[in-house]
Structures are given as structure tokens and as C-alpha cells.
Amino acid sequence: MPVRLIGKRVRVVLHASHLVVYDQNVEVARHERLIAKAGCRLELDHYLEALIRKPGAFPGATALEQARSAGKFTPVHDAWWAQARKVHGERDGTRALIEVLLMARHIPHEHLVAGLATALRAGALTADAVALEARKAAQAEDEPRAALPTGASGSATVTFLHEWRLAHLPPDTRPLPSVTPYDQLLRRRRASGGAHPEGEAQ
């Protein structure tokens, strides 16, 4: 469970296929139930606050190896981490990676990986750069997918959101606006010798 709960009493509910850990009434961990006797499964996220203070312990952490085996710590993570260590040094490069991993609490995994990949291509080896690119990836996914009808030539057309909305609006039956009343006012003003209409500031 998270390192912040070390020394605290928690409640564990054991189910047939998984177990859930609660701090008071708040769920703080959920694990698949292990079948093997004396098995151990560690969640990398639970140790990040401790590891960011001692980044030297990160490379050999069992939780890291388990995350790598489970596919949660991807080759993209490894590649970005390697470059960050080259640029910032072992300690600061590893700390930057841990800051990125902490973002996974608020940013979906696939967006974070996309942010890492884009930042790596751009040589942007800071957690802030990864966060920015991850948000861009999330925004791009949230935007409606463009319709891509393919014609005989194989070319594709893009339908943008505002065009789609305009195409689906009900018909506007209101008459077109007219400037006739304004023309009448101008004619009246000319006929009166250019005097200001009543109430108009001089």
C-alpha cells in the first residue's frame, strides 16, 4: 500500500479474485489476488514519494521490475529515462522520471506514454514538457474524429466540428435583417438640417 500509510492500521477486504485496502472508508489499493504461496506483488506508484527522495534506489527497485513485466513501465519510459540521465545526470534524470510517473495519478497511462514519446523526439527531457505533450494527446483524442470518406482517387476529406454543427442545425426561417429604419432616420436628419436626434449627446 502507499508508503504514507506505513505504521497506520488499515482494513483489508479479501475477495475471491482480488483484495482491497481501505484507509478509513477510502480505497487506497486494489490488487489481484495471488494464487502462489508467499507471492508478492508491488505497485510502483505506492513507492514514488519515497523514491523521489532517494532516486538512487529506483533502478534496482522490485516494484520497477514488476511494473516493467506488467507493461506499465514501457520501453518509451526507459528510452526517455535514459536520455534524461544523459542530459541531467543519474540522480536528477531519475528524479525527473519519477515526477513523470507521479503524473499518472491524474493523466491516463496512454496519454502519458504519448507525451513521453513526443517529448523524447523533441529532446524535451523535463517533466513539465511531458505533461504538456500528454495534455495535447488527451485534447487530440477528445476532439471529434474527422470523417474520412475516400473517393475513387483515394483522397480523404476532413469534416470539422463547427461544419458538422452547422450542417445539423435546424433551418433558420427568420427574415433577413433590414437597414430600412436606419435609412429613414438618416433621411429625417438630413431634412431637419443635420440636427441631432432628440436625446443624442452633442
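**Exercise 1. Find which element of this predicted model has the lowest mean pLDDT and which has the highest, then look at the overall confidence.**

Step 1. Helix H7, residues 161-167, has the lowest mean pLDDT among the elements of the protein, at 62, while H3 has the highest, at 96.

Step 2. Now take the whole chain: the average pLDDT is 82, and 83% of the residues reach at least 70.

Step 3. Next, look at residues 150-159. Their pLDDT stays under 50, and the model gives this stretch 14 contacts beyond four places in sequence. Where pLDDT is low, predicted coordinates should not be read in detail.

**Exercise 2. Work out how many helices and strands the protein has, and in what pattern they follow one another.**

Step 1. Counting the elements gives eight helices and three strands.

Step 2. Reading along the sequence gives the pattern β-β-β-α-α-α-α-α-α-α-α.

Step 3. Two totals complete the overview. Of the 202 residues, 25% count as buried. Among contacts with a separation of 6 or more, 40% are between residues 24 or more positions apart.

**Exercise 3. Describe how H3 is placed against H5 and against H4.**

Step 1. Begin with helix H5, residues 109-122. The axes of H3 and H5 come within 9 Å and cross at roughly 40°.

Step 2. H3 brings Val76, His77, Ala79, Trp80 and Gln83, and H5 brings His109, Val113, Leu116, Ala117, Ala119 and Leu120.

Step 3. Turn to H4. The axes of H3 and H4 come within 7 Å and cross at roughly 140°, and this crossing is right-handed.

Step 4. On the H3 side of this second contact you will find His77, Trp80, Trp81, Ala84, Arg85 and His88. They meet Glu90, Asp92, Gly93, Thr94, Ala96, Leu97, Val100 and Leu101 of H4.

**Exercise 4. Is threonine 94 buried or exposed, and which residues does it contact?**

Step 1. Locate the residue: threonine 94 is in helix H4, residues 90-103.

Step 2. Check its relative accessible area, which is 1%, so threonine 94 is buried.

Step 3. Set aside neighbours within four places in sequence. Threonine 94 is then in contact with Pro55, Phe58, Trp81, Arg85 and Gly89.

**Exercise 5. Follow the salt bridges through the structure and say which parts of the chain they join.**

Step 1. A search of the whole structure finds 10 salt bridges. As a reminder, side chains of opposite charge can pair when their charged atoms come close.

Step 2. Aspartate 23 pairs with lysine 8, with 3.7 Å between the closest N and O atoms. Aspartate 23 lies in strand S2 (residues 18-23) and lysine 8 in the segment before strand S1 (11-14), so this bridge ties together parts 15 residues apart in sequence. Aspartate 23 has 12% relative accessibility and counts as buried, whereas lysine 8, at 43%, counts as partly exposed.

Step 3. Glutamate 43 and lysine 72 also form a salt bridge, at 3.4 Å from N to O. This pair links distant parts of the chain, 29 residues apart: glutamate 43 is in the loop between strand S3 (26-32) and helix H1 (48-53), and lysine 72 is in the loop between helix H2 (62-69) and helix H3 (75-88). Glutamate 43 is partly exposed at 25% relative accessibility, and lysine 72 is partly exposed at 46%.

Step 4. Lysine 136 and glutamate 133 come to 3.5 Å at their closest N and O atoms. They are three residues apart in helix H6 (residues 127-142), which means that about one helical turn separates them. Lysine 136 is partly exposed at 43% relative accessibility, but glutamate 133 is buried, at 18%.

Step 5. Finish with a network: Asp45, Glu49 and Arg105 are joined by salt bridges that share partners.

Terms used
Residues numbered from 1 in each chain as written. Predicted model: local features only at pLDDT ≥ 70, side-chain atom pairs only at ≥ 80, totals over all residues. Heavy atoms only, no water. Salt bridge = Lys/Arg side-chain N within 4 Å of Asp/Glu carboxyl O. Helix = DSSP H or I, 4+ residues; strand = E, 2+ residues; numbered from the N terminus. Buried < 20%, exposed > 50% of the residue type's maximum accessible area, 1.4 Å probe, protein only. pLDDT = per-residue confidence, 0-100. Contact = heavy atoms within 4.5 Å. Axes fitted to C-alpha atoms, helices over the stretch in contact; angles between N-to-C directions. Left-handed = near helix turned anticlockwise from the far one by under 90°.
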